[in-house]
Amino acid sequence: MERIYLDNNATTMIDPEVFKVMEPFLKDKFGNPNSLHSFGTEVHKDMIKALDQLYAGINASDESDIIINSCATEGNNTVLKGIYFDFIQNSDKKHIITSQIEHPAVSHTINFLESLGTKVTRLPVSPEGLITPDSLKEAIIKDETALVSIMWANNETGLINPVKELAKIAHENGALFHTDAVQAIGKVKVDVQDTEVDFLTFSAHKFHGPKGVGGLYIRENLELTPLFHGGEQMAGKRAGTVNVPGMVAMGYAMELATSTEALEYENKFVRSLRDRLEDVINSLDDTIVIGDRNYRTPNTILASFKGIEGESFLWDLNQNGIAASTGSACSSEDLEADPTFVAMSIDADLAHTGVRFSLSRFNTEDEIDRVIEVVKKSVKRLREISSTYVKGE
Ligand SMILES: Cc1ncc(COP(=O)(O)O)c(CN[C@@H](CS)C(=O)O)c1O
């Protein structure tokens with residue numbers, strides 16, 4: 001059976017063109033870039049090219065830093081623990097503001113910092129599922145709030161937060177602004193100079209690069225105590241031998257994912273596939289799609305099917321060769337109600353029925369046609385055998 005992959009917010013396939021660029025660095029060009037001999041120096045120009053591609057992809061200024069690391073989880077930890085070391089422990093600014101719907105790479109790290117004595121405010125989401133500037137204005141404490149950390153786009157709903165306005169409010173009150181942009185890169189325009197974010201994190205495997213490599217953007221004239229100590233790689237900002245194959249692949253993946261043509265394709269063709277599937281889901285009885293599609297990343301649907309447990313639905317889809325998820329992969333084992341649903345005060349019974357479909361540029365119209373047929377049949381079958389579902393109740 002042809003399998004259909006609709007879980008791209010969890011991870012994406014490496015673009016075959018990216019793999020071609022990466023392959024030589026997994027074979028002949030294996031040198032350690034810190035080595036002075038030719039095996040080491042011969043990879044420098046490729047690393048510089050990759051950095052140029054990364055800087056261009058997020059419109060970072062030449063004076064800013066992009067640190068190559070292992071993933072967004074590392075980048076988020078670097079920022080949050082760096083703020084703890086440099087502000088919470090060593091200044092009058094002992095307050096961090098975040099949101100109730102961050103990825104665990106942010107929320108669990110902040111929980112840990114709270115256990116160490118950090119004052120934390122977790123902003124609720126609006127009924128539309130967004131973090132509003134007004135909620136930040138109410139919570140921020142001038143010259144006491146050290147950092148505001150709000151994700152650019154939510155991994156489960158795809159909802160996009162107004163990071164430019166939020167960063168402005170942070171700066172007006174003497175705070176720095178971090179955004180986890182994992183779900184934004186390659187889906188919406190990410191411009192760190194226009195939005196004036198101070199720190200931004202991303203992972204290559206979310207935009208058709210390899211797993212195990214990511215980036216941390218640090219605005220010019222800012223420094224943080226590093227998370228890792230050791231060698232002098234990345235000018236001492238991130239110790240450890242650089243993952244050259246991953247870096248080169250991530251640079252090219254960034255170029256391919258953030259070009260004007262790519263973003264246009266994502267927001268026109270991929271979105272048209274998403275909207276077609278979403279329209280069918282909306283046509284089914286007792287289903288809801290979370291969030292206004294015009295305020296979401298173009299590839300994501302988080303839908304709830306009353307009377308159908310998310311896991312049962314996923315199993316049915318998987319039996320038909322279709323890969324989706326009940327929310328983030330990190331919480332796929334967790335039967336707790338989806339915090340996004342709870343934060344948006346969506347009925348508890350619906351909160352357990354969320355299914356996330358996340359498309360990519362590699363999906364086709366024929367695939368979505370088949371997904372639509374399977375979804376309609378699965379919902380009908382699962383409700384027929386449901387002991388609790390009564391239409392319209
Ligand atoms: C917003 C956001 N922030 C951080 C991460 C972590 O990425 P890593 O490359 O694993 O470090 C993710 C990865 N979210 C996947 C796996 S849990 C999902 O299914 O939603 C993310 O979506």
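The model is predicted. Its open sheet has 7 strands with mixed pairing, in the order E2-E8-E7-E6-E5-E3-E4. The structure also holds 5 aromatic pairs.

**Sheet**
- The edges of the sheet are strand E2 (65-69) and strand E4 (119-123); each has a single partner strand, so one side of each lacks a neighbour in the sheet.
- On average, neighbouring strands of this sheet are turned by 20° against each other, direction ignored.
- Strands E7 (residues 199-203) and E8 (residues 214-218) run antiparallel and are joined by 5 bridges.
- Leucine 200 has tyrosine 217 in E8 as its bridge partner.

**Helices on the sheet**
- Helix H3 (residues 44-58) packs on the sheet, where it touches E2, E7 and E8. The direction of H3 makes about 120° with that of E2.
- Helix H7 (residues 163-172) lies across strands E5 (145-149) and E6 (176-180), and runs at about 155° to E6.

**Aromatic contacts**
- Among the aromatic pairs is an edge-to-face one between tyrosine 84 and phenylalanine 85, with 6.2 Å centre to centre and 65° between the planes.
- Tyrosine 84 counts as buried because its relative accessibility is 11%, under the 20% cut-off. Phenylalanine 85 is partly exposed, with a relative accessible area of 29%.
- Phenylalanine 305 and phenylalanine 313 also form an edge-to-face pair, at 4.8 Å centre to centre and 80° between the planes.
- Phenylalanine 305 is buried at 0% relative accessibility, and phenylalanine 313 is buried with a relative accessible area of 0%.
- Arginine 383 places its charged end over the ring of tyrosine 389, 4.4 Å from the ring centre.

Technical notes. Residues are numbered from 1 along each chain as its sequence is written. This is a predicted model: local features need pLDDT of at least 70, side-chain atom pairs count only at pLDDT 80 or more; totals for chains, interfaces and linings use all residues. Side-chain values use heavy atoms; hydrogens and water are left out. Two strands pair if DSSP finds at least two bridges between them. Helices (H or I, at least four residues) and strands (E, at least two) are DSSP runs, numbered from the N terminus. Axes are lines fitted to C-alpha atoms, for helices over the stretch in contact, and angles run from 0 to 180 degrees between N-to-C directions. Contact means heavy atoms within 4.5 Å. Rings of Phe, Tyr and Trp (its six-membered ring) pair if their centres lie within 6.5 Å; planes under 30 degrees apart count as stacked, over 60 as edge-to-face and the rest as tilted. Buried means under 20% relative accessible area, exposed over 50%, partly exposed in between (1.4 Å probe, protein chains only). A charge sits over a ring if NZ of Lys or CZ of Arg is within 6 Å of the ring centre and within 35 degrees of the ring normal.
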